[in-house]
Each structure stands twice: as structure tokens, then as C-alpha cells.
Amino acid sequence: MTKILHLILIIISIINILIIKFKNIKRLNYFLFISKTNKIDKRSLYFINKKILDKSFNLVRTQTNIDLKIFFEIIKIPNLFCYTLLKRIFIQDYKNKKFIYFLLKIFKSLHIEKIILIDDYREMRVFSEISKKLNIKSTIYMHGRISKNMKILKTTKFSNYLVWSNFFYKQLKQANNKYNRNNVYIVGNPYFKKKILRKKYYISVKNCLFLDEDFLSLRDIEICLKSIIKIKNLSVFYKKKVTRNLPEDLALFLNKNGIKILDHTESFANTIFKYKIDCVIATTSTGLLEALYYNVIPFKFYSSKKNIRELWFKEFVDRNLVNVLNFKKMKELFKKKYSLKKLINKKNLLWGKIIFKPNKVQKLIDNI
């Protein structure tokens, strides 16, 4: 069944190329479709209005495991081009250059003038190369933490980059000096909801939120959580990542140790408010940085395997924006009182004061 659905989606994609040509559409969007929610990635919907999708050529990254329910949701996207499935045809034989050539031919024949995309690190090089070769105006928007240590930022270039704060603008500029205030727009973080106003001068840790991450092994999670649950008068919550299934052995471990697994569809902000979270625990998740916005203490721990994400996150550790967990001193770290003033100073350094306004940002993208 899956192969048949793949074939139908590929045929629809090819037909849509002709439709785009007939409609004389010059704008292209690249975004993700999340199979777990059967929806367009909400991170993109902050930057692109659904109403413009029928006036755009829409390249969609999907998972390859597609059932009927997912299929019928995907085909609702107008002017659909199943990027992932078509790319898979080429990369099965390690022919990524041929895939780029294929896209170049399509974009050139359609006279694409403008590309808007999420900064998906897996595909940035492809779109950077195509934009340069065809002289297409490209606007890319930030979806997660970036740092000067990210090689992809050093080796790609887009006409315009939308970033969350002045801190991230500086990181981008240090990674690639071709970016400056003429082609980078600071727009604020779209995920923030409201601020938590704490009246106390010091924060004690009572409720902890552990963030799920794709690359973490069960062993890493167990080592960390076993150290934490030994501490008395501490409640621990586990927030599953929306894009992956929780492994059965991990779910068993969490339930056995009285760690509540939270609904993955609930936003990070709502989780913070609902469970009165005092600290967030993760390895390299953007959630560690977003925690500062809500005056919540970020605790970072290192995974047992070397990972490129650790290099990307090094800047935030070096700048003392997160607290590094020492398993030998866990009790001391969790019983300590943390200065609210210091947390606010870190928040101001990282996030600044610009508030994300969807309508304003979408209008900016349309007018660039």
C-alpha cells in the first residue's frame, strides 16, 4: 500500500509542476509535514500564511512511512510537490548532484523568483546552491537555536535570514560575515506565549521537566533520571518529542519510576505554566534556552556519545547561559537556591525585548 501511495504522490507532484507553469506562479515554499500530527509544521505557519499556499509552489518534506490517513492530509496541500519522495529516487544511488540538477531544471523552467524556507539543516545546502545558480531571492527563517559553531551556516548563504534575537544575529554573523543588518531581520521568537513573573528573589527546584531528544540513548536517559529521582521532594515530568514514538522500554522505565509522561501536543510554554516547572533538563534542546525566557533554570547534561549537536551547543555553555549537570553533585545542584536576578540577566542577553508578531513578519516576508 505504501508504495502505491508513494507513486500517486509522485505523479501528483509531476502534474503540479505543469499546473504551476500554467498559473505562472513564481513563489516557492519549502516546509515540513509532521506525520504525528497530520499537519503542516507549525514552525512554518508562523512565517507563512496558509492563504498564500494556493499561490505558491509548495515543496513538502514528509516521512516516507505514509498511510491512507497521512496521504489524504498531504494531498490537501495545494500545488504540492513531495520533495522527500522525489529526492529518495535520486539518493538511493547516492546521486544528490543529479537531484540538484533535476530541481534546477524545474525551477528554471518555472521562472521561480522567490524561495521561502525553514532553516532545515539537512536541505540548506541544496537551496543555497540552487538560489545562487539561478539568482533567486531566498528568505530563510530560524526554527531552532543556531550558533557560530554550525558548519552549515558557514557554507551556505541566503538573500535574507530571519532570526529570533540580536544574540542569534551575532552568532550568525560570526559564522558567516556575508550576513549583516541589511540582510538579517530580528523578529523575535514565535513560540513564546507570556512571561512568568516570579515575586521571590530566589528559585528553589521542586518541579523538573525532562525533554525528550531523538539521539539520546535509553542508557543516557536512565543514568540522568536515576540520579534525579533519588532527590527527595522533587517531581519529575517527561515531555515526549512530537516527531517520534516513545520506545517501549523507555516508557516502562518512566512508569516504573513514577515519572509522568506529558502530552506531546501541549506546547512547551503551556507545560511550563501548567506544571509550575522550576527547571528544564536536556542535552542540546532549544528548550534549555527557551526556559530562560520563563525564568526557569536550564540544566544541561552530556550524552555518552560524541554528537555534532554538542559542538553547536558549546557556545551557550561557554557563555554560562545554561547550568551543566554534574552527576556527582546532583543533590547539591537541586537543593541550591538560584538567583532570579541572574536568570533575568541571562534572559535579556539571549532574548532581548523584540516580540514576534505573525502578521507583521508574514508581511515582511511578502515584501522582501
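Start by selecting Ile8: this residue is partly exposed, with a relative accessible area of 34%. Partly exposed lies between buried (under 20% relative accessible area) and exposed (over 50%), with a 1.4 Å probe and protein chains only. Before going on, note that this is a predicted model, in which local features need pLDDT of at least 70 and side-chain atom pairs count only at pLDDT 80 or more, while totals for chains, interfaces and linings use all residues. Residues are numbered from 1 along each chain as its sequence is written, and side-chain values use heavy atoms, with hydrogens and water left out.

**The nonpolar patch**

Ile8 sits in helix α1. Helices (H or I, at least four residues) and strands (E, at least two) are DSSP runs, numbered from the N terminus. At least two patch residues come from each of α1 (2-23) and α3 (68-74).

**Strand β5**

Next, select residues 114-118, strand β5. Are they buried or exposed? 5 of the 5 residues are buried, so the strand is largely enclosed by the rest of the structure. Lys114, Ile116 and Ile118 point one way, and Ile115 and Leu117 the other way. In a regular strand the side chains alternate between the two faces of the sheet.

Now show the neighbours of β5. Strand β1 (residues 27-34) pairs with β5 in the parallel sense over 4 bridges; two strands pair if DSSP finds at least two bridges between them. Leu28 has Ile115 of β5 as its bridge partner. Strand β6 (residues 137-141) runs parallel to β5 and is joined to it by 5 bridges. Here Lys114 is partnered by Lys137 in β6.

**Helix α10 and its surroundings**

Move to residues 248-256, helix α10, where Leu250, Ala251, Phe253 and Leu254 are buried. Seen down the axis of α10, these buried residues fall within an arc of 160 degrees (taken from the directions from the helix axis to the C-beta atoms), so they line one face of the helix. On the other side, Glu248, Leu252, Asn255 and Lys256 are exposed. The buried residues of α10 pack against α9 (218-228), β11 (235-239) and β12 (260-262), where contact means heavy atoms within 4.5 Å.

Two of these strands belong to an open sheet of 6 strands with parallel pairing, in the order β12-β11-β10-β13-β14-β15. Its edge strands are β12 and β15 (323-324), each pairing on one side only. Strand β10 (residues 207-211) pairs with β11 over 5 bridges, and Leu211 stands opposite Lys239 in β11.

**Salt bridges**

How many salt bridges does a search of the whole structure find? The search finds 13, each being a side-chain nitrogen of Lys or Arg within 4 Å of a carboxyl oxygen of Asp or Glu. Select Arg122 and Asp120: their closest N and O atoms are 2.8 Å apart. Asp120 counts as buried, at 5% relative accessibility.

Finish with Lys241 and Asp214, whose salt bridge has its closest N and O atoms 2.9 Å apart. Lys241 lies in the loop between β11 and α10 and Asp214 in the loop between β10 and α9, so the pair ties together parts that are 27 residues apart in sequence.
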